[in-house]
Amino acid sequence: MTTRTLPPAAYDRLTATVARDTGERRTAALWIHAATLVRHAHDHGLAPAHDRPPPGPDGLLKSLDSLASCHPALAPLADPTVLPLWEQPLGTAAWAAIEEFWDRHPALEDERRVDGYALGDAYQLLSEEARKGRALRQTPPWVARLLLRLSLEPAMETPQASNSSSWGPRITV
């Protein structure tokens, strides 16, 4: 299991490096986060396998467009009013810094996990605006596992659980 051992300052340095190219930290954080989102989607088979575009900023935009067409909830990925990357070009040096960072320090805690915890954590580390103004409030994975162990697992182990549910009609087999 890979864990994030980098201090927040490492993410700040990357954001500052990319911001020199984009002109602002917010757009830099969005480019960096979009790159890891696309990596995550392709690495976990959540993006069309046949649609792996060439690397680089243009390839990233093509991947975002492809992901946006996969499900209505992902449509904002292709909306410039939501994700201004479409109107903010990115140079090759900034792209190289993003790729090198994620190659050396994967954003994901465990390559088999597909939840969004690591992606949300990465976004908070990249964006001061997200940290201070609209910090993500995620249930920590260890709390979620504990809640499932205390509630769902015992319910599944009880033979009457499926027959005595108050959520639906009683089923007799």
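User: Start with Gly23. Buried or exposed?
Analyst: Gly23 counts as exposed, at 66% relative accessibility. Here buried means under 20% relative accessible area, exposed means over 50%, and partly exposed is in between (1.4 Å probe, protein chains only).

User: Before we go on, what are the ground rules?
Analyst: The model is predicted: local features need pLDDT of at least 70 and side-chain atom pairs pLDDT 80 or more, while totals for chains, interfaces and linings use all residues. Numbering runs from 1 along each chain as its sequence is written, and side-chain values use heavy atoms, with hydrogens and water left out.

User: Fine. Where does Gly23 lie?
Analyst: In the loop between α1 and α2. Helices are DSSP runs of H or I with at least four residues, strands are E runs of at least two, and both are numbered from the N terminus.

User: How far apart are Gly23 and Gln88 in space?
Analyst: Their C-alpha atoms are 9.2 Å apart. In sequence, 65 residues separate Gly23 and Gln88.

User: Which residues does Thr27 touch?
Analyst: Thr22, Leu85 and Gln88, leaving aside residues up to four places away in sequence. Contact means heavy atoms within 4.5 Å. Thr27 sits in helix α2. It is buried, with a relative accessible area of 0%.

User: Zoom out. How many helices and strands does the chain have?
Analyst: Eight helices and zero strands. Of the 173 residues in the chain, 34% are buried.

User: Now packing. At roughly what angle do α1 and α4 cross?
Analyst: Roughly 160°, and their axes come within 9 Å. Axes are lines fitted to C-alpha atoms, for helices over the stretch in contact, and angles between N-to-C directions run from 0 to 180 degrees. So α1 and α4 are roughly antiparallel to each other. The classes are roughly parallel under 35 degrees, roughly antiparallel over 145, roughly perpendicular from 65 to 115, and oblique for the rest.

User: Left-handed or right-handed crossing for α1 and α4?
Analyst: Left-handed. That label applies if the near helix is turned anticlockwise from the far one by less than a right angle; clockwise is right-handed.

User: Which residues of α1 and α4 make the contact?
Analyst: From α1, Ala10, Tyr11, Leu14, Thr17, Val18 and Asp21. From α4, Ala94, Ala97, Ile98, Phe101 and Trp102. By class, that contact of α1 with α4 has nine nonpolar, one polar and one charged residues. Nonpolar covers Ala, Val, Leu, Ile, Met, Phe, Trp, Tyr, Cys and Pro; charged covers Asp, Glu, Lys and Arg; the others, Gly among them, are polar.

User: What about α2 and α4? How do their axes cross?
Analyst: Helix α2 (residues 25-43) and helix α4 (residues 92-104) cross at roughly 50°, with axes that come within 10 Å. That makes α2 oblique to α4. The crossing of α2 and α4 is right-handed.

User: Which residues meet there?
Analyst: Trp31, Ile32, Ala35, Thr36 and Arg39 in α2 meet Trp95, Ile98, Glu99, Trp102 and Asp103 in α4. The contact of α2 with α4 has six nonpolar, one polar and three charged residues.

User: Switching to charges. How many salt bridges are in the whole structure?
Analyst: Four. A salt bridge is a side-chain nitrogen of Lys or Arg within 4 Å of a carboxyl oxygen of Asp or Glu.

User: Which residues link up in a network of salt bridges?
Analyst: Arg39, Glu99 and Asp103. Arg39 and Glu99 meet at 3.4 Å, N to O. Arg39 is in helix α2 and Glu99 in helix α4, so the pair ties together parts 60 residues apart in sequence. Arg39 is partly exposed, at 22% relative accessibility. Glu99 is partly exposed too, at 22%.

User: What does Asp12 pair with?
Analyst: Arg25, with the closest N and O atoms 3.7 Å apart. Asp12 lies in helix α1 (residues 8-22) and Arg25 in helix α2, so this pair ties together parts 13 residues apart in sequence. Asp12 is partly exposed at 26%, and Arg25 is partly exposed at 37%.

User: And Glu100 with Arg104, what's the N to O distance?
Analyst: 2.6 Å. Glu100 and Arg104 are four residues apart in helix α4, so about one helical turn separates them. Glu100 is partly exposed at 37%, whereas Arg104 is exposed at 57%.
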